[in-house]
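Here are my notes on the model you passed along. Have the structure open while you read, and take the points in order.

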Amino acid sequence: MTARPTAHLLHAIFGTSIVALVLGACGGGSSDADTADDASASTRTLFHVHGLGVDPADGRVYVATHNGLYTVAKGQKPKLVGNREDDFMGFTVTDESTFVASGHGDPGSGRPGNLGLIESKDAGRTWTSRSLSGKADFHSMDSAKGTVYGYEGGRIRVSSNLESWDDRAKLEALDLAVNPSGSKLLATTAEGVVASSDGGRTFGKAVTPLQAFVSWPAEKSLFGISTSGELSSSADGGTSWKKLAAVPGGQPQALTAVNADHILAATTTGVYESRDGGKTFFELAPLTS
């Protein structure tokens, strides 16, 4: 595998208790089809969340995990999408019913250990390999204005066509977020959040407080979640932060803000949703350890 954050970085950001979870959540995931039968045990259990997203086509919530991509809704059991139990590491929604992802093929599936960049245009039911198959494993991705920003192999990599990639700055990071205009890229590091105004070629000095994950749905609505699950917002691109609320479950696994009001977060106990800008959260689905 490539692109896994070092144990040193994870210890610095999260502490000992979550290092095994993050390092262990990097392995395998079967064939493409429509949504799996709800009676299957795999449709009821979520663990090792790596990404969250909402399809603008229908508002459905998607959860990228160690053993497949799932849809979740309050009061319903999680449903496996596409019957493909790969390890979805990097994941982001780029358009209506259009997702890009990366990670590792399910052992025995015939897919490569490193999936490279894959794309779905039918909301995760089927996937097409676009580039770097067998060569790359993006652990964080975000997109803006048709450009995808990825973190892989300790480096920022950028593509505007999902086929060719421009290698940019090297750094130890856990998560990326780009603003909607594509003019500023953030990365979370063990020293704090670092910012780039040249598309990830160079980064400035780290700014505290420390954030584990960040998401930037609108120019004046940036969200970050700390190592303890404390959600904060920033109206100035991360220069200053305002604390909002603690997401239930403590240590975070993923964060995605759909807009200034709609926020999704995964912690060690579940996937949670806020509809009031992060003031309150309710559970969409529980997580198993």
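1. Start in β3, where Gly68 is the bridge partner of Thr65. Strand β2 (residues 61-65) and strand β3 (residues 68-72) pair in the antiparallel sense, with five bridges between them. For "pair", read at least two DSSP bridges between two strands. Strands are DSSP runs of E with at least two residues, helices are runs of H or I with at least four, and both are numbered from the N terminus.

2. Before going on, a word on the ground rules. This is a predicted model, with local features needing pLDDT of at least 70 and side-chain atom pairs counting only at pLDDT 80 or more, while totals for chains, interfaces and linings use all residues. Residues are numbered from 1 along each chain as its sequence is written, and side-chain values use heavy atoms, with hydrogens and water left out.

3. Back to that sheet: it is open, with four antiparallel strands in the order β1-β2-β3-β4. β1 (49-54) and β4 (79-80) are at the edges with a single partner strand each, so one side of each has no neighbour in the sheet.

4. For the overall picture, the protein chain has two helices and 23 strands. Of its 289 residues, 54% are buried; buried means under 20% relative accessible area, exposed over 50%, and partly exposed in between, using a 1.4 Å probe and protein chains only. The chain exposes about 11,300 Å², and carbon and sulfur atoms supply 47% of that (areas by the Shrake-Rupley method, 1.4 Å probe).

5. Now look at β21. Why is strand β21 (residues 263-267) largely enclosed by the rest of the structure? Five of its five residues are buried, so the strand is largely enclosed. In a regular strand the side chains alternate between the two faces of the sheet. Here both faces are covered, with Ile263, Ala265 and Thr267 buried on one side and Leu264 and Ala266 buried on the other.

6. Ala265 is worth a click. This β21 residue stands opposite Tyr272 in β22, and counts as buried because its relative accessibility is 0%. Pro252 is 13 residues away from Ala265 in sequence and 7.3 Å away in space, C-alpha to C-alpha.

7. His262 sits in the loop between β20 and β21, and its 6% relative accessibility is why it counts as buried. Its side chain makes a polar contact of 2.4 Å with that of Glu273 (N or O atoms within 3.5 Å; within protein, one able to donate a hydrogen and the other to accept it, and residues adjacent in sequence counting only if both atoms are side-chain atoms).

8. Last, the second largest pocket, with a volume of about 200 Å³. A pocket is an open set of points on a 1 Å grid where a 1.4 Å probe fits, with protein on both sides within 12 Å along at least five of seven lines, and lining residues have an atom within 4 Å of a point. Of its 16 lining residues, Thr94, Glu119, Gly146, Val148 and Leu162 lie nearest the centre. By class, the lining has four nonpolar, seven polar and five charged residues, with Gly counted as polar.

How values were computed:
Points joined across faces, edges and corners; volume = space filled by probe spheres on them.
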